[in-house]
Amino acid sequence: MNYIIGIRLGRMGRRWLPWQPMARVFSGIQPTGDLHLGNLLGAVQNWVQALDGEDDALYCVVDLHALTIPKDPAELRAKTIEITQLLVACGLDPQRCTLFLQSHVPAHAELGWIMECTASYGELSRMTQFKDKRDRAEFVSAALFTYPALQAADILLYDTDRVPVGDDQRQHLELARDIAERFNARYGDTFVVPEHAIPAVGARVMDLQRPDSKMSKSLDSPQGTVLLTDDPAAVVKKFKRAVTDSDGEVRFDPATKPGVSNLLSILAAVSGRTPDEVAGDYSQYGPLKADCGEAVAELLGPVQARFAELRDDPAATHELLMLGAEKAAAVAGPVLARAQRALGLVPSLTRRG
Ligand code: AQP
C-alpha cells in the first residue's frame, strides 16, 4: 500500500477508494548458486512484469539467508554480484525498481529478531523447507530453523501488498501473514498483511533429470538444471535428455506423468499458453523436447548478451546496489520504527524514524 495525499489507508479503507492505489511489490532471491530456469519462470519473469504497471517494486538479493548454510566467502561475494547482474540482465531495470542487498539495510536483521519473538517454535518446526534442508545439511545452524522469521521481516519491512514468488514459498508466505496478523492483534495495526502472487504456469519448474524434485540452485543435478548462463547447445541437450516416461502419450498430468508435464509447463510458461494447449500440439516426446529446448535457448539469448555487458563493468553494479540500499532503507526505517514503538521499545534520540 502506498501513500496518497499523505494519508495511509488500511486494507479496509482501500475498498472505498474510487481509484486503485499503487501497490507495493517485494520479493527476494538467495545468492546461493547459479540462477536457473525455475527462478526465471517462477519468480523473476513476474518481477519484471510488475515494472510495466504502476506498482512500486523492491527486489532484494537476500545474502543473509545464504549464510544459513556455511559458504566460501569469496564465492558468496562473487555470486552476489553475479546474481545482481543477472537480475538486471533479465529486465530488472534499476531505474524502475529498487534493487538492493539485504545486508546493506540493517533494518532487516533488526526486524528479523522481532519476528523471531513473534513466530512460534511450533510454526517454524512445521516449515517443510526446514525439514528438507535439515536432512541434507552437514551442519544444521540455528538460523536454518529461524530464517522464515527473517523472511517475514524482509517482506513486512516494506508495507508490502504483493509478493511474487514460486510455489515453494507458499508456506513461508502464509507464515509471514500469520506473524503480521499476530503482531497487529497484540500491539495494534502496524504491518500490512501481504498477499502472495504465484504464477498460474511455471510456479514449480521441476528438475529435468529428477522430475519429482523442484529445479533448485542447491540440488546437485547439473544435467537436470537449466542455468540462465547455459549456452544454446547445452540447453537443447539438457531438454533432449530430459527424463519422461515409457507410455509415450503427451498429456498434462503432473501426478502420473511428472517429466512430460514439466516440459509442457515450461513450454507453456515461455509461450504464454496453458500446458493443455501445448499438449494438443504434440503426439511424441521427441519434438516436444526439441521445441522446449529451442524456446528456452531463445528466451535466454538476450539475457546472456546483456549479462556479458554488465559483467564487464562491476563498478556500475556496486553503484546501483548502493543507490538501491539508500532507497530501500528510506522505506524500511519508518516501518521498523513503527514496530519498535508499538512494542514499547524506548526511542533513542539517534534512532531512525
Ligand atoms: N523450481 C522452481 N520453480 C519455480 N520457482 C522457483 N523458485 C525457486 N525454484 C523454483 C523461486 O525463485 C525465487 C528465489 O528462490 P530461491 O533463492 O530460494 O531459489 P532456489 O533455487 O530454490 O535456491 P536454493 O538455494 O536451492 O534454495 P532452496 O534450497 O530453498 O530450494 C523464489 O520466489 C522461489 O519460489
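How many residues of domain 1 are in contact with how many residues of domain 2? Contact means heavy atoms within 4.5 Å. The count is 18 residues of domain 1 against 22 residues of domain 2.

Before you click, note that this is a predicted model: local features need pLDDT of at least 70, side-chain atom pairs count only at pLDDT 80 or more, and totals for chains, interfaces and linings use all residues. Residues are numbered from 1 along each chain as its sequence is written, and side-chain values use heavy atoms, leaving out hydrogens and water.

**Stop 1: the domains.** Select 8–202 + 313–343 for domain 1, then 222–311 for domain 2. These bounds come from an automatic or database domain assignment. Taken over C-alpha atoms, the two centres are 28 Å apart.

Stop 2: Select Ala 203, Arg 204, Phe 252, Pro 254 and Ser 265. Of the 14 residues lining the second largest pocket, these are the closest to its centre. A pocket here is an open set of points on a 1 Å grid over the protein atoms alone, where a 1.4 Å probe fits, with protein on both sides within 12 Å along at least five of seven lines; lining residues have an atom within 4 Å of a point. Each domain gives the lining at least three residues.

**Stop 3: helix α11.** Select residues 258–271. Helices are DSSP runs (H or I, at least four residues), numbered from the N terminus. Helix α11 supplies the largest share of that pocket's lining, four residues.

Methods:
Helices (H or I, at least four residues) and strands (E, at least two) are DSSP runs, numbered from the N terminus.
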